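I opened a new notebook page for this protein.

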Amino acid sequence: MALNPPLTWGRTPLPVREELFILQRKGVRFEAELMGSIRRKWDVQGTLYVSTLRLCFVVEHEANTNWLSSMLGQQQPLDIESYDLPLALIRREKFNQPIFGCNNIDGECAPLPSTDGLTRFKISFHEGGVGTFLPIFFDLLNRNRHGNPSQPTGFDPAFEAAVQSGTFMRSAFIDPNDPSQIFLTSQQPQPEPEQQPQSRMSYFTSGYSGYTRLPSTNPECDDAPSAPPP
C-alpha cells in the first residue's frame, strides 16, 4: 500500500511505466486502517481505478464535504488524497454480498518500501452491480501473483495487445447494471510534462521514495507519514 500516491493535475493516478489502466468505478466507499507505527483510519468516498499494477483510490472532495460543517467553517480537511493497493501485495481478499447493505470487497495489503505498515481495507460499491468489475479484478489479481511482483509472469503480450487495441474492451463481459467504465487506449491517464513516471521495478523496490510530486491542493496531505516526501 501507499498513502497519497502522486496524481496528475486532472486527479487521475500518475501511471507507472508500462502500466495499463483497465477500468474506473465511481461512487465507491473506501475504508482503510493503516496498521503502522501510528494507527490511522479513513472512511471516504471517491473513484477507484483498476490497472494491470494496482487499485488506486482517489478521493472526491465534494462527496466528502458536510454542507453544514462547511457553512459553519468547521469542516475538517482530509489528510488523504489517494491510496494505492498493489495487486501483487493484496492478501485475504473476499467478496461480500450482505443481505442488508451493498456489495463490497475486503482484504489486506502489504506495504510498499518507504511506507508504514499493513493496510486492512474495505471497498463498497454504492452505485450499481459488480458483474463487470469482479471478473476483471480477480483476473488481474491472479496475473499479478505469478512470478516476482516487479516482473510478474502472468501477463503475456497477447493480453497487453488486446488492452491497447481495444479488443479487451469488446470481449469483456459488460454487466448493464455495473457502471464501471472500461478505458479505451486514447483514455489512458497521461503524466504531466514535469512528471517522470517510474518503472514497475522501482515501484516495488523503492515505493515513491524520492519521487517529486506536484504541489498538493490540500496541505494536510503533505505531512502524511506514508506519503512520498515533498
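My entries run from the whole protein down to single residues.

**Ground rules.** I am working from a predicted model, where local features need pLDDT of at least 70, side-chain atom pairs count only at pLDDT 80 or more, and totals for chains, interfaces and linings use all residues. Residues are numbered from 1 along each chain as its sequence is written, and side-chain values use heavy atoms, with hydrogens and water left out.

**Overall.** I looked up the secondary structure and found five helices and 11 strands. These are DSSP runs, numbered from the N terminus: helices are H or I with at least four residues, strands are E with at least two. The protein has 230 residues, and 52% of them are buried. Here buried means under 20% relative accessible area, exposed over 50%, and partly exposed in between (1.4 Å probe, protein chains only).

I checked the surface next.

Then I took contacts, meaning heavy atoms within 4.5 Å. Of those between residues at least 6 apart in sequence, 66% join residues at least 24 apart.

**Aromatic pairs.** I counted 12 aromatic pairs. Rings of Phe, Tyr and Trp (its six-membered ring) pair if their centres lie within 6.5 Å; planes under 30 degrees apart are stacked, over 60 edge-to-face, and the rest tilted.

F30 and Y83 make a tilted pair, with 5.4 Å centre to centre and 50° between the planes. This pair links distant parts of the chain: F30 sits in strand β2 (residues 21-35) and Y83 in strand β5 (residues 82-86), 53 residues apart. Both F30 and Y83 are buried. I also traced a cluster in which ring pairs link F30, W42, F57 and Y83.

F133 and F137 are a stacked pair, at 5.8 Å centre to centre and 15° between the planes. Both lie in helix α2 (residues 133-143), four residues apart, about one turn of the helix. F133 and F137 are both buried.

**Charge over a ring.** R143 lies over the face of F159, 4.1 Å from the ring centre. The test asks for NZ of Lys or CZ of Arg within 6 Å of the ring centre and within 35 degrees of the ring normal.

**S165.** Last, I looked at S165, in helix α3 (residues 157-165). S165 counts as partly exposed because its relative accessibility is 45%. Its C-alpha atom is 8.3 Å from that of L184, 19 residues apart along the chain.
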